[in-house]
Amino acid sequence: MATTMITTLDRSSRAAARGLSDISIRNLFIIPTILFLIVFNIFPLIYSLGYSFTDFRASTNAAANFVGLQNYRDLLNDPYVWSNFAITAKYVIISVVGQLVVGFGVAMLLNRDIPLKGLLTTLLLLPMMLSMAVVGLFWKLLYDPSFGIINYALGLGTFEWLSDPKMALYAVALTDIWMWSPFVMLLSLAGLSAVPKHLYEAAAIDRAGPFYTFFRITLPLVAPILMIAVIFRTMEAFKTFDLAYILTSQPTAELISIRLYKMAFQEWQTGRSCALAYIVLIMVLAITNIYVKYLNKVKER
Amino acid sequence: MAHIQLKNVSKKFGNHTALTGLDLDIADGEFFVLLGETGAGKTTTLRMIAGLEKPTEGQVFIDGVDVADWGAAERDVALVLQQYSLYPRYTVRENLEFPLKPKIRRLPDAEIKDRVDRAARTLRIEHLLDRKTDRLSGGEMQRVSIGRAIVRKPRVFLMDEPLSALDAKLREALRTELKNLQMQLGATFLFVTHDQIEAMSMGDKVGVLNHGRIVQTGTPHEIYNNPRDTYVASFVGSPPMNLIDGRLVDGRAVMAPLNFELPFSGGAKTGGATDGRPLVFGIRPEDVYLETGAPVEARVHDVENHGVEKILTLRVGDTMLRATVPARTDVEIEQPVRFAWNPDKVVLFDKGSGVSLRHAG
């Protein structure tokens with residue numbers, strides 16, 4: 001049925017008049033994208049894999065020597081790197097759990113007939129649309145010990161959010177929660193509004209209380225979409241750089257990506273930083289895979 | 001078990017009026033069927049009794065108590081919906097247990113198991129208990145949904161077109177089952193349907209709803225043989241009652257458009273039917289019969305063979321008449337036939353209001 005295929009050009013179209021075939025049009029759209037992907041993504045990815053096995057330093061003219069798995073061995077035995085990983089893990093957990101609780105909670109509040117619901121939702125989504133750097137700079141001002149509005153509003157005097165080693169990581173996580181809860185909220189809203197209303201009515205008729213209804217009906221039905229939110233946010237939180245870099249320089253808040261940046265562009269250990277980047281990549285892939293497996297299980301149920 | 005009463009209930013959704021001045025009285029242990037077309041307000045009535053919707057005006061009584069401030073849970077009703085409303089991701093057993101499990105009125109485990117098993121046995125779904133609900137067929141789902149209603153022993157069963165999504169064979173089977181179930185439980189049932197066959201075959205009493213008003217309430221027999229107005233006459237019965245415009249002249253029915261005449265003897269039942277008043281004559285198809293030498297000649301317009309009987313459409317001029325005749329009657333399309341009616345069965349309606357003269361009196 002060649003005549004009904006979607007890819008067949010309309011014979012009278014301008015493209016056909018210029019002698020373009022289906023295939024040439026397809027190539028016209030695809031090739032630039034693929035080229036772009038190869039030059040800026042795939043090539044550096046493979047190139048850096050090569051560097052990760054050398055002692056290359058981009059700051060000198062010395063030739064790179066092949067050192068085998070030495071970089072990986074050193075990194076995985078380095079307690080500082082491990083402490084960076086521990087900090088990152090803590091940050092990911094705090095920020096993702098925080099976003100889930102806040103985002104899902106707000107979604108539950110919004111999932112009913114209230115006036116100005118559309119406007120309210122849009123306004124709540126705003127933080128998500130800001131640039132990370134801008135959010136970082138603004139929250140730095142908000143956290144400021146002497147004139148920051150947070151200390152003023154909470155009456156905390158000159159509490160140092162960002163220079164306190166114990167507090168710095170939480171402060172960064174708090175900012176991240178503020179910025180990305182709307183994302184979780186948006187996905188949760190989609191999930192919540194997809195729960196058929198007649199199920200709630202049936203539950204009301206069956207004399208189920210609000211908690212029982214929530215845990216037995218709402219949560220199981222929204223779980224898959226919440227899992228997707230968790231996957232996205234975990235991946236993003238794992239590679240957080242800009243927000244933490246702008247907000248604080250406390251070593252207790254040094255995430256793995258900041259460690260990586262310092263290693264690559266301040267200490268110029270190019271080869272070793274490539275190896276670290278690969279370790280991070282593998283970790284993120286592993287975590288995501290576990291999530292996806294779990295997601296499929298949740299969906300099957 | 002309960003007695004349900006609706007007094008002067010009205011319901012508006014914005015500008016749209018769903019129900020107007022509805023009065024309904026459902027006796028304890030009665031199988032009451034609310035019959036009406038889509039959009040007549042059947043479901044709204046049901047939802048108001050269940051407590052999912054609040055009446056704009058009027059009161060709902062359960063066992064004589066005004067339940068205006070009661071939520072669905074306190075009213076202790078069971079509702080079976082057309083779309084089953086099974087809880088997804090759970091097994092049949094978990095679905096049946098759901099109404100028994102909430103903490104506030106949690107029953108002992110043995111009792112729960114006992115009730116679930118009994119309900120499953122009644123509905124013959126024992127073999128499905130451990131199956132997930134999305135692996136069930138429509139009929140099985142509807143049984144589970146009915147099961148979820150009966151495990152709880154509610155005061156009233158409300159059913160919103162529970163059978164209309166099922167195929168014909170299953171619908172028939174479940175119809176009988178439901179009726180048996182109701183007799184077995186002795187419970188009050190309010191059953192909503194647009195299917196007049198369901199209404200006639202299941203109901204102890206039928207209420208016909210049209211555009212948010214109850215047109216007639218009565219036993220299926222009354223509704224069928226003595227419809228209150230032309231709406232009920234044309235809605236109930238398959239094929240519906242024949243309605244022909246005409247007048248009474250000297251004890252004969254003279255049909256208006258083409259002046260055919262039929263004898264009309266039911267002098268006692270004519271009420272205020274004076275000669276010459278514009279009327280509508282209603283006659284059930286089974287009371288129209290073919291006979292050689294009968295007063296009116298018609299042509300066979302259409303023949304529907306239903307196995308046990310044939311439904312003929314007869315044409316007299318522009319007027320179409322349906323007649324149910326025995327299947328062995330041998331007729332062909334366009335064949336001229338002569339027909340008569342059973343004058344005792346004729347119902348007279350006022351032409352203007354459509355109300356039956358028997359009821360208007």
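Predicted model: local features only at pLDDT ≥ 70, side-chain atom pairs only at ≥ 80, totals over all residues.

Reader: Fine. How many helices and strands does chain B have?

Author: Chain B has 10 helices and 20 strands. Its C-alpha trace spans about 75 × 45 × 35 Å along the principal axes. Of the 361 residues in chain B, 40% are buried.

Reader: Which domains does the assignment give for chain B?

Author: Domain 1 (4-225) and domain 2 (242-360). The centres of domain 1 and domain 2 of chain B, taken over C-alpha atoms, are 39 Å apart.

Reader: And what share of the contacts in chain B join residues at least 24 apart?

Author: That share is 67%, counted among contacts between residues at least 6 apart in sequence.

Reader: On to the largest nonpolar core. Which residues touch the most other members?

Author: Val33(B), Ile49(B), Leu158(B), Leu190(B) and Phe191(B), in a core of 96 residues. Domain 1 and domain 2 of chain B each supply at least three residues to this core. Another core lies apart from it, with 45 residues, including Ile87(A), Trp161(A), Leu189(A) and Ala275(A).

Reader: What does Phe191(B) touch?

Author: Leaving out residues up to four places away in sequence, Phe191(B) touches Phe31(B), Phe32(B), Val33(B), Met159(B) and Met202(B).

Reader: Then β8(B). Is that strand mostly covered or mostly open?

Author: Mostly covered: strand β8 (residues 188-193) of chain B has 6 of its 6 residues buried. In a regular strand the side chains alternate between the two faces of the sheet. On one side of β8(B) the buried residues are Thr188(B), Leu190(B) and Val192(B), and on the other they are Phe189(B), Phe191(B) and Thr193(B).

Reader: Which way does β3 of chain B run against β8(B), parallel or antiparallel?

Author: Strand β3 (residues 31-36) of chain B pairs with β8(B) in the parallel sense, over 5 bridges. Phe31(B) has Phe189(B) as its bridge partner in β8(B).

Reader: And β7 of chain B?

Author: Strand β7 (residues 156-160) of chain B also runs parallel to β8(B) and is joined to it by 5 bridges. In that pairing, Asp160(B) has Val192(B) as its bridge partner in β8(B). Between β7(B) and β8(B) the chain passes through helix α6 (residues 168-185) of chain B, and the β-α-β crossover is right-handed.

Reader: Change of topic, the contact between the chains. How many residues does it take from chain A and chain B?

Author: It takes 15 residues from chain A and 19 residues from chain B. On the chain A side, α9 (197-205) and α10 (210-238) are the elements that give two or more residues. α9(A) gives the most, with 6 residues. By class, the side of chain A that touches chain B has 9 nonpolar, 2 polar and 4 charged residues.

Reader: What sits between α9 and α10 of chain A?

Author: A loop, and Arg207(A) is in it. Arg207(A) has a positive phi of about 60 degrees, although it is not a glycine. Most residues other than glycine have a negative phi, and most peptide bonds are trans.

Reader: Why does Arg207(A) count as buried?

Author: Because 23 other C-beta atoms lie within 10 Å of Arg207(A), and the cut-off for buried is 20 or more.

Reader: Where is the cis peptide bond?

Author: From Ser238(B) to Pro239(B), with omega near -5 degrees. Pro239(B) is in the loop between α9 (230-235) and β11 (242-249) of chain B.

Reader: Last one, Asp287(B). Where is it found?

Author: Asp287(B) is in the loop between β14 (279-283) and β15 (288-290) of chain B. Asp287(B) counts as partly exposed because it has 19 C-beta neighbours inside 10 Å. Leaving aside neighbours within four places in sequence, Asp287(B) is in contact with Trp341(B), Asn342(B) and Lys345(B). Asp287(B) and Ala340(B) are 53 residues apart in sequence, with 8.5 Å from C-alpha to C-alpha.

Conventions
Residues numbered from 1 in each chain as written. Chains lettered and ligands numbered in written order. Core = buried A, V, L, I, M, F, W, Y, C linked by C-beta atoms within 7 Å. Buried ≥ 20, exposed ≤ 12 C-beta atoms within 10 Å, placed from the backbone. Domains from an automatic or database assignment. Contact = placed C-beta atoms within 7 Å. Helix = DSSP H or I, 4+ residues; strand = E, 2+ residues; numbered from the N terminus. Nonpolar A, V, L, I, M, F, W, Y, C, P; charged D, E, K, R; others polar. Pairing = 2+ DSSP bridges. Right-handed = clockwise from strand over helix to strand, strands pointing away.
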